[in-house]
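Trainee: Could you show me how to read helix packing in a model? I would like the general idea and then the case at hand.

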Amino acid sequence: RSLEWLCEYPHGCLEQTVSRVFPLISAGGILSSVKINAEHSYVQVVESGVKRVESMVRKNDFVMWPDVNYAPWDTEVSLYASHFLVAAEEAGVKVAPFAKSNVLKFLAKWALSTNENVSAYALHTLAIAGKSDKDRMFRLYQMKDELSLLSRARLARAFIEIGDRARAKTL
């Protein structure tokens, strides 16, 4: 019932769309043959959610609504949407080349942020995408005692992705 509710959630800004569809991706293949109703499967809901998020990718960031082309942008929500598109592709959902390319550019820029929370999330997502910025990861690792628990967890995931379990365990 909860998954059905997510599929039918009626609102669609960037954050709401990602929050509606991300759990369906996380549930993985167990949903691939399940129907929401006679017309739509979970796979179709995920694919349409990815397309909606792609429609909010712009040249320099995400926008909050598909028909908007101007600021304000929200870095935290954009990071979340980037993570979603990377995870969707990892789960086998086709992501449009322009969206993937722009997301990787956004993440590379955010990885250099002086805000350690932003940098850690970007590094985590780049690592999942197979595009680790090891230099920045090691520099952020040196600041491990100053990082929030969530940022340490994200950086640990990035180190796991590159096979450095010792640093991940330390974090």
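Predicted model: local features only at pLDDT ≥ 70, side-chain atom pairs only at ≥ 80, totals over all residues.

Trainee: How many helices and strands are in the protein?

Mentor: Elements are DSSP runs numbered from the N terminus: helices are H or I with at least four residues, strands are E with at least two. Here there are nine helices and zero strands, so the order from the N terminus is α-α-α-α-α-α-α-α-α.

Trainee: What share of the residues counts as buried?

Mentor: Buried means under 20% relative accessible area, exposed over 50%, and partly exposed in between, with a 1.4 Å probe and protein chains only. Of the 171 residues, 46% count as buried. As for contacts, meaning heavy atoms within 4.5 Å, residues 24 or more positions apart account for 58% of those with a separation of 6 or more.

Trainee: How do I check the span of H4?

Mentor: The expected span is 1.5 Å times one less than the number of residues. H4 has 16 residues and should span 22 Å, which agrees with its end C-alpha atoms being 22 Å apart. For H3, with 13 residues, the reach from first C-alpha to last is 18 Å, close to the 18 Å expected.

Trainee: Which residues of H4 are buried, and which helices do they pack against?

Mentor: An α-helix has 3.6 residues a turn, so residues three or four places apart point the same way. In H4 the buried residues include Val77, Ser78, Leu79, Phe84 and Leu85. The buried residues of H4 pack against H2 (14–26), H3 (42–54), H5 and H6.

Trainee: At what angle do H4 and H5 pack?

Mentor: Axes are lines fitted to C-alpha atoms, for helices over the stretch in contact, and angles run from 0 to 180 degrees between N-to-C directions. Helix H4 (residues 75–90) and helix H5 (residues 97–111) pack at about 130°, with axes 10 Å apart. Angles under 35 degrees count as roughly parallel, over 145 as roughly antiparallel, 65 to 115 as roughly perpendicular and the rest as oblique; H4 and H5 are therefore oblique to each other. Thr75, Ser78, Leu79, Ser82, Leu85, Val86 and Glu89 of H4 meet Lys100, Val103, Leu107 and Trp110 of H5.

Trainee: And how do H6 and H8 cross?

Mentor: The axes of H6 (residues 116–128) and H8 (residues 149–161) come within 8 Å and cross at roughly 25°. That makes H6 roughly parallel to H8. Among the residues making the contact are Ala120, Leu123 and His124 of H6 and Arg154, Leu155 and Ala158 of H8.

Trainee: Is Gly49 buried or exposed, and what does Gly49 touch?

Mentor: Gly49 lies in helix H3 and, at 0% relative accessibility, counts as buried. Not counting residues up to four places away in sequence, Gly49 touches Thr17, Arg20, Val21 and Phe84. Gly49 and Leu85 are 36 residues apart in sequence and 9.8 Å apart in space, C-alpha to C-alpha.

Trainee: Where does Asn102 lie?

Mentor: Asn102 lies in helix H5 and counts as buried at 14% relative accessibility. Leaving out residues up to four places away in sequence, Asn102 touches Val57, Arg58 and Lys59.

Terms used. Residues numbered from 1 in each chain as written. Heavy atoms only, no water.
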